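Student: I've got a new model open and some time to go through it. Can you take my questions as they come?

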Amino acid sequence: MVALRTTRELQFITTTVIDWLDVFTRPAYKRIIVDSLRYCQENKGLQLYAWVLMTNHMHLIGSSADDRTMGDILRDFKKFTSKKIISAIFDNQQESRRDLLLDRCWFRGVNDRKIKEFKLWQDGYYSESICSYNFYRQKLDYIHMNPVRQEIVQRPEDYMYSSAKNYCGCMGLLNVIVQP
């Protein structure tokens, strides 16, 4: 895991749920992620160029618009979404995987000195600096093709939890900075 070095540096980032648990299969949990990304855009200086939320991880291309680093933004994002999603799992009596998810998150949290009780996200995140247009396009295609490779959809723009719609000229769930 690499800490981001400067603000405004365009980064390809991956962050993953503990034990690769498929948490983001329910719309309520996915909405928490989308709403939190939007909040980070509006209040924390997140500039989002591309994103995709899969069942157990998220990729994005982004930068910081102000003095915060992407590390600061991601730390706050992960802390908030972890608490919100754990609470949503607790509250969802219809969640068929409730005990499994809570047991794993509790086990990983109770054995981590930095966590009080439950842990949703793996420590840190994977980051690569975007240093050329070709590399940007490679990562953009990787992000948008992820749901196609997983056979969730046939076309990238058909996946709701992604910026692929934005790149096809339609409105996605989040505003993104579209780079041709």
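Student: Where does methionine 58 lie?

Tutor: Methionine 58 sits in strand E3. Keep in mind that this is a predicted model.

Student: Buried or exposed, that methionine 58?

Tutor: Buried: the relative accessible area of methionine 58 is 1%, and the cut-off for buried is under 20%.

Student: What does methionine 58 touch?

Tutor: Leaving out residues up to four places away in sequence, methionine 58 touches Ile13, Thr14, Thr15, Ile33, Leu37, Val52, Leu53 and Phe77.

Student: And how are methionine 58 and valine 17 separated?

Tutor: They are 41 residues apart along the chain, and their C-alpha atoms are separated by 8.8 Å.

Student: Ile33 and Leu37 came up there. Which residues of H1 are buried?

Tutor: Both of those are on the list. The buried residues of H1 are Tyr29, Lys30, Ile32, Ile33, Val34, Ser36, Leu37 and Cys40.

Student: What do they pack against?

Tutor: The buried residues of H1 pack against E2, E3 and H2.

Student: What should H1 span, at 1.5 Å a residue?

Tutor: The 17 residues of H1 should span 24 Å, and the end C-alpha atoms are 24 Å apart, so the two agree.

Student: What follows H1?

Tutor: Glycine 45, with a positive phi near 80 degrees.

Student: Switching to holes. How many cavities of 30 Å³ or more are there?

Tutor: One. The largest cavity has a volume of about 30 Å³.

Student: What lines the largest cavity?

Tutor: Leu37, Cys40, Leu46, Leu60, Met70, Ile73, Leu74 and Phe77. By class, that lining has eight nonpolar, no polar and no charged residues.

Student: Which helices supply at least two residues each?

Tutor: Helix H1 (27–43) and helix H2 (70–91). H2 gives the largest share of the lining, four residues.

Student: Now the largest pocket. How much space lies in it?

Tutor: About 690 Å³. The largest pocket is lined by 19 residues.

Student: Which of them lie nearest its centre?

Tutor: Lys78, Lys79, Ser82, Lys114 and Ile115 lie nearest the centre of the largest pocket.

Student: How do the lining residues divide?

Tutor: Seven are nonpolar, three polar and nine charged. The lining of the largest cavity, for its part, has no charged residues.

Student: What does serine 82 touch?

Tutor: Phe118, Lys119, Leu120 and Trp121, not counting residues up to four places away in sequence. Tyrosine 125 is 43 residues from serine 82 along the chain, and their C-alpha atoms are separated by 15 Å.

Student: On to H4. Where does the kink lie?

Tutor: At isoleucine 143. The kink is about 30 degrees and lies shortly before proline 147.

Student: How far apart are the end C-alpha atoms of H4?

Tutor: They are 23 Å apart. At 1.5 Å a residue, the 17 residues of H4 (residues 133–149) should span 24 Å, so this agrees.

Student: Which H4 residues are buried?

Tutor: Phe135, Tyr136, Lys139, Leu140, Ile143, His144, Asn146, Pro147 and Val148. So the list includes the kink residue, Ile143, because buried is set at under 20% relative accessible area.

Student: What do the buried residues of H4 pack against?

Tutor: Strands E1 (11–16), E2 (46–53), E3 (57–64) and E4 (126–129), along with helix H5 (164–167).

Student: And just after H4, what is the phi of glutamate 151?

Tutor: Positive, about 60 degrees. Glutamate 151 is a residue other than glycine. It lies in the loop between H4 and H5.

Student: Is glutamate 151 buried or exposed?

Tutor: Exposed, with a relative accessible area of 72%.

Student: What about the phi of aspartate 19?

Tutor: Aspartate 19 has a positive phi of about 55 degrees, although it is not a glycine. Aspartate 19 lies in the loop between E1 and H1. At 32% relative accessibility, aspartate 19 counts as partly exposed.

How values were computed:
Residues numbered from 1 in each chain as written. Predicted model: local features only at pLDDT ≥ 70, side-chain atom pairs only at ≥ 80, totals over all residues. Heavy atoms only, no water. Expected span 1.5 Å × (residues − 1). Bend = angle between axes of the 7 residues up to and from the residue. Buried < 20%, exposed > 50% of the residue type's maximum accessible area, 1.4 Å probe, protein only. Contact = heavy atoms within 4.5 Å. 1 Å grid on protein atoms, 1.4 Å probe; cavity = no way out; pocket = protein on both sides within 12 Å on 5 of 7 lines; lining within 4 Å. Points joined across faces, edges and corners; volume = space filled by probe spheres on them. Nonpolar A, V, L, I, M, F, W, Y, C, P; charged D, E, K, R; others polar.
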